[in-house]
Amino acid sequence: MRVQILPILGVPEIRAGDDLAELLVASIRSTGIVLEDGDVVAVTQKVVSKAEGRVVPVGEGGKAAWVAREARRIVARRGELVIAETRHGFVCANAGVDASNVEEGYVSLLPEDPDGTAERIRAFVGQVSRAEVAVVITDTFGRPWRQGLVNVAIGCAGIPSLVDLRGTKDGIGRILDVTIVALADEIAAATGLVMGKADGVPAAVVRGVRAEGPHLPASAMVRIGEEDLFPYSPVQEAPPDGDTSRF
């Protein structure tokens, strides 16, 4: 098995209302990439948000006001650092509100429906290229218990975001009981090798991914209800009534 990560070069500065799928196809062609069945087109959240008009003036109240608007709940807070759950169910710094790679005085917000956007891009790119492709929308998240940032998938179409290996055998024949692989996150993390914060490369093609199983959106990776063993942080008080069921 051989996996390749091909940066898509020449993507122009994206503005609100731009047809991102069309611009991606043009850049893929100008880069000299010929899409093949099974290719995964990865694109950063930032250009998706720009195209969808989700870059907004900081305005009165500053960035903190936008964090409060975008947060469904606060998971933890320490000084100016806020870990919040978004309406999508993502738990991330500042509810995904970010000032990097946008004009001074503006911040970007997460796309309203990243899975839906991934499907629309997939349909257009597939129609034009005549290849069965998948799309992953990536964003950079921190991780509990580990230093550093890594790209994760916030939108996914055309592949299983999760691959359930429970009931299959490992390399020495043991039955796997709990192993579910976050395939979309693995793909997203790999693209970070060619899509650096300052590289001006907001998209890439990942080739050679073995993706078996029913297609699942990125939203399938969100832990909800009793599956979430860490619904709130010790640095953020639990609800006074002790009721954590809504978490």
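This is a predicted model: local features need pLDDT of at least 70, side-chain atom pairs count only at pLDDT 80 or more; totals for chains, interfaces and linings use all residues.

Trainee: Which element gives the most residues to the largest nonpolar core?

Mentor: The largest nonpolar core has 32 residues, and Ile8, Leu20, Leu24, Leu35, Val43, Ile121 and Ile154 are those with the most contacts inside it. Among the elements that give two or more residues to this core are strand S2 (40-44), helix H4 (114-129) and strand S9 (146-157). The element that gives the most, with five residues, is H1.

Trainee: Which residues is Val43 in contact with, leaving aside its neighbours within four places in sequence?

Mentor: Val43 is one of the residues with the most contacts inside the largest core. With its neighbours within four places in sequence left aside, the residues in contact with Val43 are Leu20, Leu24, Val48, Ile121, Val136, Ile137, Thr138, Pro202 and Ala203.

Trainee: Which strands do the buried residues of H3 pack against?

Mentor: Helix H3 covers residues 62-70, and its buried residues are Gly62, Ala65, Trp66, Val67 and Glu70. The strands against which these buried residues pack are S3 (55-57), S4 (71-78), S5 (81-86) and S7 (106-108).

Trainee: Does Trp145 count as buried or exposed, and at what relative accessibility?

Mentor: Trp145 is found in the loop between S8 and S9, and together with Leu229 and Phe230 it forms a nonpolar patch on the surface, with about 470 Å² of accessible area together. Exposed means over 50% relative accessible area. Trp145 therefore counts as exposed, its relative accessibility being 72%.

Methods
Residues are numbered from 1 along each chain as its sequence is written. Side-chain values use heavy atoms; hydrogens and water are left out. A nonpolar core is a set of buried Ala, Val, Leu, Ile, Met, Phe, Trp, Tyr and Cys residues joined through side-chain atoms within 4.5 Å. Buried means under 20% relative accessible area, exposed over 50%, partly exposed in between (1.4 Å probe, protein chains only). Helices (H or I, at least four residues) and strands (E, at least two) are DSSP runs, numbered from the N terminus. Contact means heavy atoms within 4.5 Å. Patches are made of residues with over 30% relative accessible area and no salt bridge: like charges are joined within 9 Å, nonpolar side chains (Val, Leu, Ile, Met, Phe, Trp, Tyr) within 5 Å. Accessible areas come from the Shrake-Rupley method with a 1.4 Å probe; for residues, only the protein chains shown count as cover. A salt bridge is a side-chain nitrogen of Lys or Arg within 4 Å of a carboxyl oxygen of Asp or Glu.
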